[in-house]
Amino acid sequence: MRIVKKILIASIIMVFSGPAMAQFGDFLNKLPGNVKNLAEGAKNLVDKTKEIDEPKEIALGQEFAASLLGAKPLVNDPALQRYVNTLGRWLALQTERPDLPWTFGVLDDVGFNAFATPGGNIFVTRGLLARMRSESELAGVLAHEIAHVLRKHHLNAMRNTGGMGVFADLAASQLKWDANLKTFAANAFKDMYAKGLDKSDEYEADRIGVVIAARAGFDPYGLPAVIQTLQSQSVQDGNFSLLFETHPSPADRLDSLDKVMRTRFDSNNGSQGRSFDERIKEFSR
């Protein structure tokens, strides 16, 4: 009986994964109760594991960004915004997804943090920028956030919590999409940014981030230098509390990076970049 059930589930998954899915609804309603339950469970499994297309990923990310900007507006400094956006786009060009609509900005928030959304919206806070000692450190932070987008860590988090099934249901219907995307995105955003991503995602973003920074010509040790700055801060400091709550400990992150960097990177091969004052003057012209 178990073998028959497994074969049935596998067959249903094949149907829901293929072009016949749209015509399968009427048939599903005619199934006996126990078989219908298996079919619905298989459909939910497919919904939670299948990828969404890039336009939907971008649309979701734009809603996430709107929610973030509703709580933390951009710093009113056009030169600063142009500089960070230009630096971020240069880093993004070194990746396998250079054609995403990458957008970078500085939030008017004294806290020390950075955020990314699906589809390529990335923000750093004014408080983080104020504590950067070199352009290579900022490049390392931006590259870390870029890595979250490349690896679709936010979409994976939604999938793991069951949110992808709801999102796939919205994406399957333009009417549902238009009516419910904003509400869904607002709720998903609050949940995800309060809890943070999986620790393994943060370690992966660190590893990929140093590679992106190095490809862009920066000292790959810029990101570890930022993490060392974090290590010297108190977890009780409200400017750092959210980052400490949503990321692995700085010591663990440094240990993880040390294992992959000690023989692969030479700090002398990368640039520290120019000073922020020089960059702001350059982008103020």
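**Salt bridges and buried sites**

A search of the whole structure finds 15 salt bridges, a salt bridge being a side-chain nitrogen of Lys or Arg within 4 Å of a carboxyl oxygen of Asp or Glu. This is a predicted model, in which local features need pLDDT of at least 70, side-chain atom pairs count only at pLDDT 80 or more, and totals for chains, interfaces and linings use all residues. Residues are numbered from 1 along each chain as its sequence is written, and side-chain values use heavy atoms, with hydrogens and water left out.

**Terms for location**

- Buried means under 20% relative accessible area, exposed means over 50%, and partly exposed lies in between (1.4 Å probe, protein chains only).
- Helices (H or I, at least four residues) and strands (E, at least two) are DSSP runs, numbered from the N terminus.

**Individual salt bridges**

- Asp191 and Lys195 form a salt bridge whose closest N and O atoms are 3.1 Å apart. The two residues are 4 residues apart in helix H10 (residues 174-195), so about one helical turn separates them. Asp191 is partly exposed at 35% relative accessibility, whereas Lys195 is exposed at 58%.
- Asp255 and Lys259 also meet through their side chains in a salt bridge, at 3.5 Å from N to O. Both belong to helix H14 (residues 250-261), where they are 4 residues apart and therefore separated by about one helical turn. Asp255 has a relative accessible area of 41% and is partly exposed, while Lys259 is exposed at 58%.
- Arg133 pairs with Glu137 in a salt bridge, with 3.0 Å between the closest N and O atoms. Arg133 is exposed, at 57% relative accessibility, but Glu137 is buried, at 4%.

**A salt-bridge network**

- Salt bridges link Glu135, Arg274, Glu278, Arg279 and Glu282 in a network.

**Strands S2 and S3**

- Strand S2 (residues 114-117) is covered on both faces: Ala114 and Ala116 are buried on one side, and Phe115 and Thr117 are buried on the other. In a regular strand the side chains alternate between the two faces of the sheet.
- S2 runs antiparallel to strand S3 (residues 121-125), and 4 bridges join them; two strands pair if DSSP finds at least two bridges between them.
- Phe115 has Phe123 in S3 as its bridge partner.
- The hairpin of S2 and S3 has 3 residues between the strands, and Gly119 in this hairpin takes a positive phi near 85 degrees.

**Thr125**

- Thr125 is found in strand S3 and counts as buried, at 0% relative accessibility.
- A polar atom of the Thr125 side chain lies 3.1 Å from the backbone nitrogen of Leu128.
- Leaving out residues up to four places away in sequence, Thr125 touches Val106, Leu107, Asp109, Gly111, Phe112, Asn113 and Phe115, where contact means heavy atoms within 4.5 Å.

**Asp206**

- Asp206 is found in helix H11 (residues 199-215). Its relative accessibility is 1%, so Asp206 counts as buried.
- Beyond residues up to four places away in sequence, Asp206 touches His144, Leu223, Ile227, Arg253 and Leu257.

Methods
A polar contact is a pair of N or O atoms within 3.5 Å; within protein, one must be able to donate a hydrogen and the other to accept it, and residues adjacent in sequence count only if both atoms are side-chain atoms.
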